Amino acid sequence: RESLARALSRAERDEDRSALLVSLGQLHEDKIPNAKLAADYFERALALDPCCLPALEGLERICRTAEQYPRLVEILGAQMDAATDVAVRVASLVRLGELLEHHFVRPREAVQKYALARELDGSSRAAADGLERCWHAMRDWEKLAAALEQRAATAGEPREAIAALERLGEVRESKQQDLEGAFTAWRQVYELDTCHVTSIQRLARLCEKQGDVTAAAAYRARLADLADDPREKARIHVVVGEMLAPPERDPACARIHFERAVEMDPRNAAAWEQLQKLAERERDMMYATFCLERRAENTDSARAKANLLVELGKLRATLGDVRGAQSTYEYAFETDPTNEAAARPVLEDWSRRQKWADAQRACNVLVAAATRDGDARTMLKLLRLSTRIALATGNIERALVAARAALDMSPADEGARDDALHVGHELRGRPELHERVLALVAPIATDAMDLHPT
């Protein structure tokens, strides 16, 4: 310090004295900490040379530490005027813009500094970032979009251009409701990187919003190409197919996508279902049957599987495959022994073939359904059949109960009365059941006596 002071006292030229004062200021800033004295030396240097950058930089550091922001604005402005090197001037402008933006919250003033820095150095990312923040804070979406377009156009790397275009797409769509502008931005992203998933998703969605279903389907198909997981590929192909499936669009192309889906994931029930619908629309019932078989085969839920099998049985019946239909109904009932739609056809067939044990299971399901629905006519018919099945299987208790229930339900029904008499006849040699049999047939006998002429 003393040697610098002696040199300062001997110096005659202003530029030498200014340099020595800066050195003294830096000494008191770093080695012998005394911010006030350091600032005084820097100020004296500036008095001799207003364009002395080292003195201005020293004062900037001191003002930042002391949070003397109004003075810092003056110093940064002086730095900008004093700098002869473009890079230094741009850096000063950016720091001044950041101070105005963040501390003083004056984006309108800050944006002028960032814009000037951007003019001096079109590659300045800090200036570009500042412009974006200020235009966003001021909600000037058109100027923000213009800044993003310029940034994308001047980007040195595709990655930087893509990042700017992504933000541009968001602004165009969400802030300006400009779907065409958003589409253009995302399309530019896609052209820079044809594997950019987000851009493809946005392009597909924007096409849907604008009613261009064919283009939306094409972009979604591209997503399927990029997916790694076969199931995900299949899911996307199904989505694309559903977009194209309506008759007024492109059902032929839709079928191709559904077929690709089942190639990728043979268990994709949605794809098989859509293929079935297309086949039915085209009257290709054989292929519709095949698709329905695949749906049932690849369904895990017993209830859903049984429902599909019933549907398959009906389809086979319409094609004249009676035996195939019946086998399918049986498979459906074995898959879900509570399935009423399957129980009806198998009950009739098993009763005809005298497969009484199986017929009883189906009859029980339908009796419960008729009870639930309050269908007395069907209930009577099933109780009579249950009586017949019970006698055939030797289930005397069930025969008595079923015959009694049928008779109670419709005492005047000739069939129910005949069944009761038949049960009584079959059990005539069972003394232990005499009272129950008598209770069953006595009302019928009483009615008969009442009708006999005196």
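How many nonpolar, polar and charged residues does the lining of the second largest pocket have? The lining of this pocket has 6 nonpolar, 1 polar and 3 charged residues, where Ala, Val, Leu, Ile, Met, Phe, Trp, Tyr, Cys and Pro count as nonpolar, Asp, Glu, Lys and Arg as charged, and the others, Gly among them, as polar. The model is predicted: local features require pLDDT of at least 70 and side-chain atom pairs count only at pLDDT 80 or more, while totals for chains, interfaces and linings use all residues. Residues are numbered from 1 along each chain as its sequence is written, and side-chain values use heavy atoms, with hydrogens and water left out.

Pockets and cavities were defined on a 1 Å grid over the protein atoms alone: a pocket is an open set of points with protein on both sides within 12 Å along at least five of seven lines, a cavity is a set where a 1.4 Å probe fits but cannot get out, and lining residues have an atom within 4 Å of a point. Points are joined across faces, edges and corners, and a volume is the space filled by probe spheres set on them. Helices (H or I, at least four residues) are DSSP runs numbered from the N terminus.

The second largest pocket has a volume of about 160 Å³. Its lining consists of Val197, Gln201, Arg220, Leu223, Leu226, Ala227, Glu232, Arg235, Ile236 and Val239. Two or more of these residues come from each of helix 12 (197-209), helix 13 and helix 14 (230-244), and helix 14 gives the largest share, 4 residues.

The largest pocket has a volume of about 340 Å³. It is lined by 14 residues, of which Leu347, Leu366, Thr378, Lys381 and Leu382 are the closest to its centre. Helix 20 (340-352), helix 21 (356-373) and helix 22 (376-393) are the elements that give two or more residues to this lining. Helix 20 makes the largest contribution, 5 residues. By class, 7 residues of the lining are nonpolar, 2 polar and 5 charged.

A search of the whole structure finds 1 cavity of 30 Å³ or more. The largest cavity has a volume of about 40 Å³ and is lined by Arg118, Ala128, Leu131, Glu132, Ala147, Gln150 and Arg151. Helix 8 (125-137) and helix 9 (141-154) each give two or more residues to the lining, which divides into 3 nonpolar, 1 polar and 3 charged residues.

Aromatic pairs were also examined. Rings of Phe, Tyr and Trp (its six-membered ring) pair if their centres lie within 6.5 Å, with planes under 30 degrees apart counted as stacked, over 60 as edge-to-face and the rest as tilted. The count by this rule is 5 aromatic pairs. Phenylalanine 183 and tyrosine 219 form an edge-to-face pair, 6.5 Å centre to centre with 70° between the planes. This pair links distant parts of the chain, as phenylalanine 183 lies in helix 11 (residues 179-192) and tyrosine 219 in helix 13 (residues 213-226), 36 residues apart. Phenylalanine 183 is partly exposed, with a relative accessible area of 23%, whereas tyrosine 219 is buried at 12%; buried means under 20% relative accessible area, exposed over 50% and partly exposed in between (1.4 Å probe, protein chains only).

Tyrosine 287 and phenylalanine 290 form a stacked pair, 5.9 Å centre to centre with 25° between the planes. These residues are separated by about one helical turn because they are 3 residues apart in helix 17 (residues 285-297). Phenylalanine 290 is partly exposed, at 32% relative accessibility. Ring pairs also link Phe183, Tyr190 and Tyr219 into a cluster.
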